[in-house]
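Student: Can we go through this one together? I'd like to start where the two chains meet.
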There are 2 protein chains.
Amino acid sequence: MNSIHASIITIGDELLIGQVIDTNSAYIAQALNSIGVAVKNRIAVGDSKDAIVTALETAAKQSNIIIMTGGLGPTADDITKPLLNEYFGGKLIVHQPTLDHITDIFVNKHKRPMIERNRKQAEVPDVCEVLFNETGTAPGMLFKKDNVYYFSLPGVPHEMRFLTDKHVVPTIQQHFSTKPIIHRTLLTAGLGESFLAEKIADFENALPADIKLAYLPNFGMVRLRLTATGIDENQLKINIDEQFAKLILAVGEYLVTDKDENMEVVVGRLLKEKHQTVSTAESCTGGYIGHLLSKHGGSSQFYTGGIISYDNRIKTEFLDVSDDILHTVGAVSQEAVEQMAKSVREKMNTDYAVSVSGIMGPSGQTDEKPLGMVWIGVANKEKVVSKVFYLRFDRLRNIEVTANQAINLLRLLIINKI
Amino acid sequence: MNSIHASIITIGDELLIGQVIDTNSAYIAQALNSIGVAVKNRIAVGDSKDAIVTALETAAKQSNIIIMTGGLGPTADDITKPLLNEYFGGKLIVHQPTLDHITDIFVNKHKRPMIERNRKQAEVPDVCEVLFNETGTAPGMLFKKDNVYYFSLPGVPHEMRFLTDKHVVPTIQQHFSTKPIIHRTLLTAGLGESFLAEKIADFENALPADIKLAYLPNFGMVRLRLTATGIDENQLKINIDEQFAKLILAVGEYLVTDKDENMEVVVGRLLKEKHQTVSTAESCTGGYIGHLLSKHGGSSQFYTGGIISYDNRIKTEFLDVSDDILHTVGAVSQEAVEQMAKSVREKMNTDYAVSVSGIMGPSGQTDEKPLGMVWIGVANKEKVVSKVFYLRFDRLRNIEVTANQAINLLRLLIINKI
């Protein structure tokens, strides 16, 4: 096989009944892509021997690297380890460093007695290479058969991430000569997918065959991704950079960032560069804007704080939204969000402020104010600007879209575009 | 084939490079499970003809229902529709109701001209049944071949959800006699997975063969799920209810809820029942607790609002955390969170309050205060209780775990367990 392909197999009934959302696959896929390994497919199967074996056999026909997650826990529904032991014809033996590590966790850290169930986690098939798991009790495992590498990782996300970075990626880099894949991603705002496609049609039609363009739309914000694959990494970089520069020109004023990053990261960087700060006054988003602004490291440099004024009483007492406003135009109004932005900025003494008030659903609408109506306000020392949006999603998605639009409006104020 | 199996195929390069997390599969899997259709596997493939065809052929061998999402947009990387047209031997024709609908969206709603790209979205293979998409511009499609039903849905989540509920589920119920699957799920807190397994070992060992137990751990909170499959739905319900009652007894004081719901939903219900309210004072979680408390409909009945005191100045000015506290024990301290909870409860005049202050990483630790150290406080009129945690995850996960532990501590205060 000339090119290196990987398959990801996630194991667990919870994935097939929709009880949990699989974030592990995305993490592994990113890690593999970054070292030039193309993921051929991702397969999710239940905690069933037949299903896992079928998935392994199918994957081994298509890929030379197979990464499994899940089913390594201490309970009876965790069948991956005995199954792999049988599949690769091994026998279970105690891995002493893992046993020492588990003992340390239970006896020294948790001050709890070790039980047989925990001790069993230190057992591994004698035909595997152990991937030592500093972050948890289930060791990772590597099996090799017919030139295919099989990695088995725990499904607990932070343990899976640790083992991917510490063991999987270095092992693959050491044993396979991977073919370069390069991605360049940018983010646009203000133009829907089809209009954006129209705007950049000439660019897209002139793209060379070895560079692919993908659209990732998200309510008025569209991410565009160029992907190049080839042999000569240096030449690839030159080619994709040339096309990416053209794409940036084609996108024009709708460009938000030429990196694969979210809106709030862009705004955070702008603020940090200017040594400026922002505060928030949130009604309908209930803290989600604050969460976005503070979820990345270093956000204390620009995010000062906020008022979550979920109840109208808090809008009045903490943000000076007058009873008059509440009784005439109401809490979901231009007047209310402008006052909220103005007040929180002054009271928290920040350079900028963002405010939102809206009807996220599933109820709360009136004759004049439909479900999904939301006012967003942004302020700096000189002015307050507000804008109304009419969203048409479910509650959670309305909250997410509102928060992103609010942060985009803040961005436009920071760069003097509104 | 006696039993009804489904395969879910998600299409899009973004799924294989880890750029987006697939939430669609979980939604579809839930919907299918709720009507007794077992999902056999989920397969994610790229925007490549070969990969999609291989996935379709593999799935058709294992399942009688195949649900595809993605690749139906208006841009060149969307290849699902022409591919299915060719695969099922059709020709593309205009679907007039869809064209009228798209025209209405662009001309009347968006006040934008229709372009050819949009018009093309109304074309469908003449061999499919159109699943009319009121929520967007890409119609869903249903193909039937050799007793297998192939559904093709857009990848945009709210459109996929609409079509699943409105068309996919009713069509399956009409054409297949599905075999009942029943799940019962409960949530525990306060005991790790292996200790919980030990506690309920007798229950688990005595479980009948047709009822399966699964553990879904999440940092000290473990969800337990019983699954029963069989023929006679009434008998199944009786059996699983009987076992579920035993499981509840076995779990004992660690039970949080006997429903498949999150911690914040439990707390919201407790507060609504008592007609009581809560406010929040968040430092390191930056609004995430407020978001959890307000993300579900009806939360304005119990969530009043909060202060996000990201900067220490806000802790002092809005929450009366004294300079003395900040300069001696610091912002991440029992004294600080207790004052924060007390102040926000009084100022927002709520029955309860919850507060957090911690070091979420990736930096900010000191010799005395390691990364992941977080103080959580909860207050009511009578008392303030606080607890320290030492987390060991990445920043985002630390934020999520902190918020969930804070809401759990609030729950324990509400039910007088602390």
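Student: What stands opposite A:Gly306 in β14(B)?
Tutor: B:Ile308 does. Strands are DSSP runs of E with at least two residues, and helices are runs of H or I with at least four, both numbered from the N terminus. This is a predicted model: local features need pLDDT of at least 70, side-chain atom pairs count only at pLDDT 80 or more, and totals for chains, interfaces and linings use all residues. Residues are numbered from 1 along each chain as its sequence is written, while chains are lettered from A and ligands numbered from 1 in the order in which they are written.

Student: How many bridges join β14 of chain A to β14 of chain B?
Tutor: Three, and the two strands (residues 303-308 in each chain) run antiparallel. Strands pair if DSSP finds at least two bridges between them.

Student: What about sheets? Which strands make up the open one with mixed pairing?
Tutor: Twelve strands, in the order β6(A)-β7(A)-β8(A)-β3(A)-β1(A)-β2(A)-β2(B)-β1(B)-β3(B)-β8(B)-β7(B)-β6(B).

Student: Which ones stand at the edges?
Tutor: β6 (129-131) of chain A and β6 (129-131) of chain B. Each has a single partner strand, so one side of each has no neighbour in the sheet.

Student: Zoom in on β1 and β3 of chain A. How do they pair?
Tutor: In the parallel sense, over five bridges. β1 covers residues 5-11 and β3 covers residues 65-69. A:Ile9 has A:Met68 as its bridge partner in β3(A).

Student: New topic. Where is there a cis peptide bond in chain A?
Tutor: Between A:Gly361 and A:Pro362, with omega about 0°. A:Pro362 sits in the loop between β15 (352-358) and β16 (373-379) of chain A. Chain B has a cis bond from B:Gly361 to B:Pro362, with omega near 0°.

Student: Why point those out?
Tutor: Because most peptide bonds are trans.

Student: And what is phi at A:Asn147?
Tutor: Positive, about 65°, although A:Asn147 is not a glycine. Most residues other than glycine have a negative phi. A:Asn147 lies in the loop between β7 (140-145) and β8 (148-153) of chain A.

Student: Is A:Asn147 buried or exposed?
Tutor: Exposed, because A:Asn147 has 9 C-beta neighbours inside 10 Å. The cut-offs count other C-beta atoms, placed from the backbone, within 10 Å: 20 or more is buried, 12 or fewer is exposed, and in between is partly exposed.
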